[in-house]
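Subject: Handover of a structure and the findings on it

Dear colleague,

Please find below the structure that I am handing over to you.

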Amino acid sequence: MKAYTLKENKDSGELHLFEGDMYPKDSEYKCNSKAKSICKKMDKSDSKENRFTCATEQEAREKIAKIGRKVCGTCVSHLYESY
């Protein structure tokens with residue numbers, strides 16, 4: 001299952017979405033995230049803090065909607081793609 005983490009860039013303050021995977025560990029679920037954000041404009045190493053971690057697609061949509069314009073629009077649009 002996909003997992004989403006929202007990270008804050010330590011220099012610009014912009015928020016970028018990282019995609020990863022959920023996996024079971026010690027009777028609960030943990031998640032990981034890729035080295036680059038969905039838009040490819042932020043490296044994981046440039047992160048100051050996480051706004052949220054291990055969110056499902058729907059949870060990520062809801063949390064980002066509350067945060068607003070500080071979140072990268074390219075990253076957000078990935079959550080609304082139709083395949």
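This is a predicted model: local features need pLDDT of at least 70, side-chain atom pairs count only at pLDDT 80 or more; totals for chains, interfaces and linings use all residues.

Four strands make up an open sheet, in the order 3-2-1-4, and their pairing is antiparallel. At the edges stand strand 3 and strand 4; each has a single partner strand, so one side of each is left without a neighbour in the sheet. From one strand to the next, the twist averages 30 degrees. In general, the strands of a sheet pair through backbone hydrogen bonds.

Strand 2 (residues 15–25) and strand 3 run antiparallel and are joined by four bridges. Lys 25 has Glu 28, in strand 3, as its bridge partner.

Helix 1 covers residues 57–67 and lies across strand 1, strand 2 and strand 4. Relative to strand 4, helix 1 runs at about 135 degrees.

The cysteines

How many disulfides does the structure hold? There is one, formed by Cys 31 and Cys 54, whose sulfur atoms are 2.2 Å apart. The bond links distant parts of the chain: Cys 31 belongs to strand 3 (residues 28–31) and Cys 54 to strand 4 (residues 47–55), with the two cysteines 23 residues apart. The torsion about the S-S bond of Cys 31 and Cys 54 is about -95 degrees, and the disulfide is therefore left-handed. Cys 31 counts as buried because its relative accessibility is 18%, under the cut-off of 20%. Cys 54, at 23% relative accessibility, counts as partly exposed.

Cys 72 is in no disulfide; its nearest cysteine sulfur is that of Cys 75, 3.7 Å away. Cys 72 is buried, with a relative accessible area of 14%.

Residues of strand 1

Thr 5 is placed in strand 1 (residues 2–9) and is buried, with a relative accessible area of 4%. Leaving aside residues up to four places away in sequence, Thr 5 touches His 16, Leu 17, Phe 18, Cys 31, Ser 33, Asn 50, Phe 52, Thr 53 and Cys 54.

Tyr 4 is buried, its relative accessible area being 3%. Although Tyr 4 and Glu 57 are 53 residues apart in sequence, their C-alpha atoms are 6.9 Å apart in space.

Aromatic rings

A search of the whole structure for aromatic pairs finds zero. Two charged residues do, however, lie over ring faces. Lys 7 lies over the face of Phe 18, at 5.7 Å from the ring centre. Arg 61 lies over the face of Tyr 80, at 4.9 Å from the ring centre.

With kind regards

Methods. Residues are numbered from 1 along each chain as its sequence is written. Side-chain values use heavy atoms; hydrogens and water are left out. A disulfide is a pair of cysteine sulfur atoms within 2.5 Å. Buried means under 20% relative accessible area, exposed over 50%, partly exposed in between (1.4 Å probe, protein chains only). Rings of Phe, Tyr and Trp (its six-membered ring) pair if their centres lie within 6.5 Å; planes under 30 degrees apart count as stacked, over 60 as edge-to-face and the rest as tilted. A charge sits over a ring if NZ of Lys or CZ of Arg is within 6 Å of the ring centre and within 35 degrees of the ring normal. Contact means heavy atoms within 4.5 Å. Two strands pair if DSSP finds at least two bridges between them. Axes are lines fitted to C-alpha atoms, for helices over the stretch in contact, and angles run from 0 to 180 degrees between N-to-C directions.
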